[in-house]
Amino acid sequence: MVASRRVYLLLILGIAIAPILSIFIGIPFSMAIALLFDVVVLGLMVVDGSRARRHRVQITRVLPSRLSIGRDNPVLLTVTSGNADATIQICDYYPTGFGVSTSTLNATVAMNSTQELTYTVKPTQRGEFPWGNIQVRQLGHWRLAWDDWQIPQSLPVKVYPDLIGLRSLSIRLTLQSSGSIRQFRQIGIGTEFAELRNYRTGDDLRLIDWKATARRVGAYGNTPPLVRVLEPEQEQTLLILLDRGRLMTQRVQGLQRFDWGLNATLSLALAGLHRGDRVGVGIFDRQMHTWIPSERGQHHLGQLIDRLTPIQPALLESDYLGAVTKVVQQQTRRALVVLITDLVDVTASTELLAALSRLAPRYLPFCVTLRDPQVDRLAHTFTEDVTNAYARAVALDLLAQRQVAFAQLKQKGVLVLDAPANQITDHLVERYLQLKARNQL
């Protein structure tokens with residue numbers, strides 16, 4: 001039982017009126033009256049708290065089966081009242097370190113009714129965490145006391161990569177494939193025949209199917225020529241190498257670089273599987289930590305999520321040449337090899353440059369780096385403060401050195417994508433879809 005604010009105000013009032021009463025009836029009698037007043041207030045508080053205990057609300061919690069890292073995950077609390085109106089405060093003991101939209105929920109529930117309360121939690125680490133009980137305070141009818149108790153609903157919860165983002169991407173890819181989102185097929189981009197259609201102004205004359213046109217003219221008379229619509233080749237191979245070394249342990253926008261990279265890896269894998277490609281994933285540091293051979297089919301995505309979720313980054317130097325050697329040994333046919341990492345400068349990334357150069361031209365190497373948005377902000381924010389000016393100069397130098405390294409990669413036939421870590425997923429998926437549409441693999 002916890003005293004309400006009204007009790008404290010009444011107790012202060014009893015102390016305040018004692019000096020006034022002493023003027024008329026003397027100090028001893030005034031003190032006795034003030035003490036009696038406070039005792040009555042405390043007695044009423046106890047009675048009010050006891051009555052509230054008899055009408056306690058019932059609360060149940062509903063969580064997503066798998067929480068997504070870096071996302072606002074909804075938590076639903078269902079409150080059922082008894083035979084009296086209930087004014088309540090709820091404090092849910094979510095895991096330490098989670099961001100939360102509100103730490104305390106306040107509500108008034110009418111008698112014999114049910115009300116749903118929702119808040120969100122934002123995990124910043126993957127893994128299994130303990131979720132505690134629900135702490136509840138219910139105000140008495142006289143508003144003098146809070147009945148304070150816990151509802152036992154502790155349970156373990158698991159935090160996965162960005163599953164919410166994967167669901168959203170899956171819906172978008174499905175709508176694109178089904179035609180719900182209008183797509184403009186580009187004639188001549190691709191190698192697999194899709195369909196024949198009437199010639200339109202601007203179409204490549206080399207794609208006119210003269211035999212099909214002649215048959216159609218013979219059957220239907222004078223008609224427009226028919227052109228072949230070509231689509232990107234299916235059943236290609238996509239290999240994703242994700243660095244889990246020292247550079248990927250740094251936190252960017254609340255998450256480790258490795259977590260941003262893992263989200264991008266799974267989203268790219270989903271896009272590849274959806275487009276009919278075989279997808280394989282390798283997680284490496286100074287050795288190949290995890291190697292998942294390439295497979296087709298949407299079932300493969302579930303296997304990737306289960307195997308990759310427990311992996312955490314390590315303070316180890318990454319062996320890029322070793323990772324590339326593994327690819328060369330396991331994959332004999334041409335494939336798109338996407339390496340997700342970070343790049344400091346030309347000198348520190350010499351091994352990365354050499355490793356990716358080894359892949360070209362037999363494979364199509366694609367270097368993806370996760371930039372820190374804070375560095376961008378420092379580099380593009382003018383300041384007259386000496387300390388901030390020095391930080392800006394360092395940021396500008398880092399960006400300049402990255403550009404030199406990227407230029408060297410491009411000269412050696414390596415595709416490059418450098419984007420802020422918190423935006424890398426969308427940029428990478430879009431770039432992959434462009435590569436497929438242009439048949440660059």
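This is a predicted model: local features need pLDDT of at least 70, side-chain atom pairs count only at pLDDT 80 or more; totals for chains, interfaces and linings use all residues.
Residues are numbered from 1 along each chain as its sequence is written, and side-chain values use heavy atoms, leaving out hydrogens and water.

Strand β18 (residues 278-284) runs antiparallel to β19, and five bridges join them. Strands pair if DSSP finds at least two bridges between them; strands (E, at least two residues) and helices (H or I, at least four) are DSSP runs numbered from the N terminus.

## The sheet around them

The six strands of this open sheet follow the order β19-β18-β15-β20-β21-β22, with mixed pairing. At its edges stand β19 (288-295) and β22 (415-420); each has a single partner strand, so one side of each lacks a neighbour in the sheet. From one strand to the next, the twist averages 15°.

Helix α11 (residues 424-438) packs on this sheet, touching β15, β20, β21 and β22 (contact means heavy atoms within 4.5 Å). The direction of α11 makes about 155° with that of β22; axes are lines fitted to C-alpha atoms, for helices over the stretch in contact, and angles run from 0 to 180 degrees between N-to-C directions.

The structure holds one cavity of 30 Å³ or more (points on a 1 Å grid over the protein atoms alone where a 1.4 Å probe fits but cannot get out). The largest cavity has a volume of about 40 Å³, the space filled by probe spheres set on points joined across faces, edges and corners.

Its lining residues (an atom within 4 Å of a point) include Leu77, Asp92, Tyr94 and Tyr119.

Notes: On a 1 Å grid over the protein atoms alone, a cavity is a set of points where a 1.4 Å probe fits but cannot get out, and a pocket is an open set with protein on both sides within 12 Å along at least five of seven lines; lining residues have an atom within 4 Å of a point.
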